[in-house]
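Subject: Structure for your review

Dear colleague,

Please find the structure below, together with its sequence. A summary of what was found follows it.

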Protein chains: 2
Amino acid sequence: MSELRKDPITGRWVIVAPDRGKRPTDFRLERPTVTGRGQCPFCEGHEHMTPPEVLAYRPHGGMPNGPGWDVRVVPNKFAALEVEEALDSKTEGLFERMNGVGSHEVLIETPRHDETLARMSVAQIERVLRAFRDRVVALEGDPRFQYVVFFKNHGATAGATLEHPHAQLIALPIVPGFVREELDGAGRYFDAVTRCVFCDLIRQETDAQERVIESTADFLVVSPYASRFPFETWLLPKRHAARFVEYPESGFEHLARALKRTATRIDRALGGPDYNLIVHSSPSSEDTAEFYHWHIELIPKLARVAGFEWGTGFYINHTSPEDAARALRSVSL
Amino acid sequence: MSELRKDPITGRWVIVAPDRGKRPTDFRLERPTVTGRGQCPFCEGHEHMTPPEVLAYRPHGGMPNGPGWDVRVVPNKFAALEVEEALDSKTEGLFERMNGVGSHEVLIETPRHDETLARMSVAQIERVLRAFRDRVVALEGDPRFQYVVFFKNHGATAGATLEHPHAQLIALPIVPGFVREELDGAGRYFDAVTRCVFCDLIRQETDAQERVIESTADFLVVSPYASRFPFETWLLPKRHAARFVEYPESGFEHLARALKRTATRIDRALGGPDYNLIVHSSPSSEDTAEFYHWHIELIPKLARVAGFEWGTGFYINHTSPEDAARALRSVSL
């Protein structure tokens, strides 16, 4: 059984989810092994290789856990958290922990093994967004969960172990550090000037233009001013809303198009790098409506693994955001 | 010229230090290339390959920038920050930046190319500690610098580009995020109970024993309760002091021995992994004497590169700290 543990100094929470049965020699550096086509549990016709689905869209009907779906969500076979537990927290002197209650799901984005965000149809990306929204709503209905993280690891250096396009949802009994930092910062800004910092950012970047990659009616795509990583890219919805689930389904096509165009720019400018994509959205349990603003962050894996940053929270970025925006802007689509 | 930029939402500072002359095709993933023996600028006799030294110990005398040294500190040839600038900060609407003022030095730990922390003599590690202390004192005398980071990247996956044993010092005009988090957390704890959280941690871990790797008269070596990474290891001095430079030179032998033993345990248990080592110490510019407690953190690079954590501040660790401590404790030295 896994545990959530809190660092007594910083207050940072960590999931400790031991791989049982490991011998000391197994602790050495694992080379990522990526599962290719033949044994892929996410391909159509291989539905028996995953745990039973929690959601699937079958446009022409069909049996659960059989073929005929275009998006499918299943529990992660190697889940770091377990859903069938009551939440239980314990304190021992300085230490605070919870049992590893949560949900860890995989969203299989398409039945087709070889697609990518850049190559997928806009309609397919819309279906992915709808499945994501539906699962967030379902998971947020569970009072044990404070937050649902939605992210995508694309490629082995980004942490993926399967080639087949997929994203992940992790529902947590705590709000993770990055969200807390953003909520706090945005809250302080609102207290000072009674405006949303993200809305102000959109205005200022639109005026300055130098970090803008693309501006559509609904979204601003930018290289953030203080990018931690080369070619870090944010998609900011122009309409203020704290939570992704407030974004109207009628807008999914716009968002799908912006995602596909951004992924295509990155593929073409950078030779199809691995990347992480993370949706930043407010927890449903907190009233952040006025000051938080959901958005998407995309981080290509370009820099050498600079382990130092892990330990310090201190980033050195060798590509200026202005250069990155210029390179991405000039990609012909 | 590089810049320090502040993220307007989280307040996180980043160094943007563009590699000039890069073409867009140069942005693709760099494979780490590690410079081996023949062209090593850090080997004895190759002193002309580095910028002029800022410190060297030559036990038998000799000319600066010539052979005969046992520890040598030189400016980093590819420094992310420049020392010969006045500090200048600017605000543009939401954005805040400073010019990239700072110091970036390399501490060459030994004239011998093939040594490691585990194989080096205790006397040599003592000299490294002395050089580190001397440079911190010198750099902290510069009023432009708020903090000096001391760290070591061992091996390519930890971010090293040279095999020859070396550490780095970065003097910064701001206090980096990880230090700020620890200072804030330790300060809150002190406000609540009027005790140092690290001192309490040492007591509790000594009682519990299950995460203790080694306990000497001067140091407790532990797997931290909420380890972010497999085999993360902390060296905590038993005597309370906020800053490494307060640690008496007479204790350097104890610390050198604890470091060597810890590095040996990690090498033997884990097959000589790459690692990052970071000294956590209080900034000299703040009065943290009662509540902060310097220490050393060592992070072996074992886990697959889980890019997701970069974006979320959220860690999943598949090795329990208790298992890690047991494995390291049982190494025969």
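In which sense do E13(B) and strand E14 of chain B pair, and over how many bridges? The two strands run antiparallel to each other, and six bridges join E13(B) to E14(B), which spans residues 295–300. Within this pairing, His280(B) has His295(B) as its bridge partner.

Before going further, please note that this is a predicted model. It scores ipTM 0.92 and pTM 0.93. For chain A, the mean pLDDT is 92, with 94% of the residues at 70 or more.

Strand E13 of chain B covers residues 275–280 and also pairs with strand E8 (residues 147–154) of chain B, again in the antiparallel sense, over five bridges. Here Phe150(B) stands opposite Val279(B). In a regular strand, side chains alternate between the two faces of the sheet. On one side of E13(B) are Tyr275(B), Leu277(B) and Val279(B), and on the other Asn276(B), Ile278(B) and His280(B). Both faces are covered, as every one of these residues is buried.

The two chains also meet each other. Chain A and chain B each bring 75 residues to the contact. On the side of chain B, helix H2 (residues 177–193) gives the most, with six residues. That side of chain B has 40 nonpolar, 20 polar and 15 charged residues.

Yours sincerely

How values were computed
Residues numbered from 1 in each chain as written. Chains lettered and ligands numbered in written order. Predicted model: local features only at pLDDT ≥ 70, side-chain atom pairs only at ≥ 80, totals over all residues. pLDDT = per-residue confidence, 0-100. Contact = placed C-beta atoms within 7 Å. Helix = DSSP H or I, 4+ residues; strand = E, 2+ residues; numbered from the N terminus. Nonpolar A, V, L, I, M, F, W, Y, C, P; charged D, E, K, R; others polar. Buried ≥ 20, exposed ≤ 12 C-beta atoms within 10 Å, placed from the backbone. Pairing = 2+ DSSP bridges.
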